[in-house]
Amino acid sequence: MYFIYNILVYIAGFFLKIVALFNKKLGLFVHGRKTVFDILSNQIKKEDTVIWFHTASLGEYEQGLPVLEALKKKYPTHKFVLTFFSPSGYEVKKDSGVADVITYLPLDTKANAKRFLKLIHPELVVFVKYEFWPNYLAELKKQQIHTISISTIFRPSQAFFKFYGGWMRKSLHAFNHIFVQDEASQKLLESIHYTNTTISGDTRFDRVLEILQRDNSLAFIEDFKGDKTCVVIGSSWQEDEALFVPFINDSTKDCKYIIAPHTIKSQEIEKLKSSITKNTVLFSELDQHQDLSQFAVFIVDTIGILTKVYSYADIAYVGGGMGNTGLHNTLEPAVFRIPVVIGKNYVGFKEAEDLVALGGVLSVKSQTEFNTTMNRLLEDANFKTSVGVMNHNYVHSHGNASEIIMEYLSKR
């Protein structure tokens, strides 16, 4: 299977170059990797002491950021290399300055793994959540480089736990330690005789708790909201729009709506705006309007401010759950002590599963359920408050994963 995997990686690399000619996102994926080795050669010296931090995309980056920041404080003279697998992470953070070097991770071939590690020669490597690249892990183990995985969660459906997964199980032993989110993950690892684990929880809780400590003020949102009840719809897709657009159009409630779609392409934004019958303004139109209070709907056609926008919400809807694209981060609004509504597909997202069971996150399956849930939240203040408190208590009770990880690293 390992042999087949390596052949498939090379085949995938070949076809990605062809498809990249016609697909902008894949174009970024392919072309961004062409300069990785040159960048590393220019920015990493042989005498540098390096810590390598790898994450798949933007969500996992946010998840691992508390540990990255803690490591930077602990090792101020080290150089930090941050790698992304996906363009949606790299393109957003490439100029952030959060690490000394920020690049894509080259495809997982034996040659790339050897060349990459030779250039950065890390003394510590941190992988976040689901990142398991057999060739990189094999080379890390061969060179005896201290490697950990954080905020990791395992499912019985993964190859590690199947009869054919021996080659993947072998990769796990490249990790000196795996910090898992829950007991179920730890027991799965024990079932395949991997015992270097700690149940630390999810570092995303630390990340969202940090949000409360920063300045979340946005003057234009304050002007828009005024003293009205505000519903924030975050990271929405077309399947989510099919629920909330009719509700907004038909609702007689005197409240404000802020929509932050996942896709902010101009044609998609215009399509969304034209589907809404209430007075609507775009973020990109702010310089054209002095009185934002006249609008009922505000569409955020930019990135990077959603977490701050959530601080103005009285109720939040988090997108991704009505379709199959994947539910977005429910913790970001939950930390602000507000109720959160999601779609029907949330299995596999642990915090959403937990909060649905507790009653802090409300899952809806249809237009009728969405309307009923939203109207109750808008009309029943006691219910809205009690649901929000459940979210607040849950988030605050899980906020020490980074401390557990850093305590381990201080003893290595």
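A salt bridge, for today, is a side-chain nitrogen of Lys or Arg within 4 Å of a carboxyl oxygen of Asp or Glu. With that rule, a search of the whole structure finds 14 salt bridges.

Hello everyone, and a word on the ground rules before we go on. This is a predicted model, in which local features need pLDDT of at least 70 and side-chain atom pairs count only at pLDDT 80 or more, while totals for chains, interfaces and linings use all residues. Residues are numbered from 1 along each chain as its sequence is written, and side-chain values use heavy atoms, with hydrogens and water left out.

Let's start with the whole chain. The protein chain has 19 helices and 14 strands; these are DSSP runs numbered from the N terminus, with helices being H or I of at least four residues and strands being E of at least two. Its C-alpha trace spans about 65 × 45 × 40 Å along the principal axes. How does the radius of gyration of the protein chain, 23 Å, fit with a compact globule? It agrees, because a compact globule of 412 residues would have a value near 22 Å. That radius is taken over C-alpha atoms, and the globule rule is 2.2 Å times the number of residues to the power 0.38.

Of the 412 residues of the protein chain, 53% count as buried. Buried means under 20% relative accessible area, exposed means over 50%, and partly exposed is in between, using a 1.4 Å probe and protein chains only. The protein chain exposes about 18,900 Å², and carbon and sulfur atoms supply 53% of that area; the areas come from the Shrake-Rupley method with a 1.4 Å probe, and for residues only the protein chains shown count as cover.

What about contacts, meaning heavy atoms within 4.5 Å? Among those in the protein chain between residues at least 6 apart in sequence, 67% join residues at least 24 apart.

Leu 409 sits in helix α19, residues 401–409, and is buried because its relative accessible area is 1%. Not counting residues up to four places away in sequence, Leu 409 touches Leu 71, Tyr 75, Leu 124 and Ile 148.

Phe 84 counts as buried because its relative accessibility is 0%. Between Phe 84 and Gly 388, which are 304 residues apart along the chain, the C-alpha separation is 34 Å.

Asp 48 belongs to the loop between α3 (36–43) and β1 (50–55). Is Asp 48 buried or exposed? Asp 48 is buried, because its relative accessible area is 17%. Leaving aside neighbours within four places in sequence, its contacts are Gln 43, Lys 79 and His 121.

Back to the salt bridges. Side chains of opposite charge can pair when their charged atoms come close. Lys 94 pairs with Glu 91, with the closest N and O atoms 2.8 Å apart. Lys 94 counts as partly exposed because its relative accessibility is 33%, and Glu 91 is partly exposed too, at 26%.

Another pair is Lys 225 with Asp 314, where the closest N and O atoms are 3.4 Å apart. Lys 225 lies in helix α11 (residues 219–225) and Asp 314 in the loop between α14 (306–310) and β12 (315–318), so this pair ties together parts that are 89 residues apart in sequence. Lys 225 is buried, with a relative accessible area of 15%.

Then there is Lys 350 with Asp 354, whose closest N and O atoms are 2.8 Å apart. Both lie in helix α16 (residues 350–358), 4 residues apart, about one turn of the helix. Salt bridges that share partners also join Glu 62, Arg 207 and Glu 210 into one network.

One last stop is the backbone. Most residues other than glycine have a negative phi, and most peptide bonds are trans. Gln 144 has a positive phi, near 55°; Gln 144 is in the loop between α7 (134–142) and β5 (146–152), and counts as exposed because its relative accessibility is 75%. Ser 235 also has a phi near 55°, but Ser 235 lies in strand β8, residues 229–236, and is buried, with a relative accessible area of 15%.

Terms used. Contact means heavy atoms within 4.5 Å.
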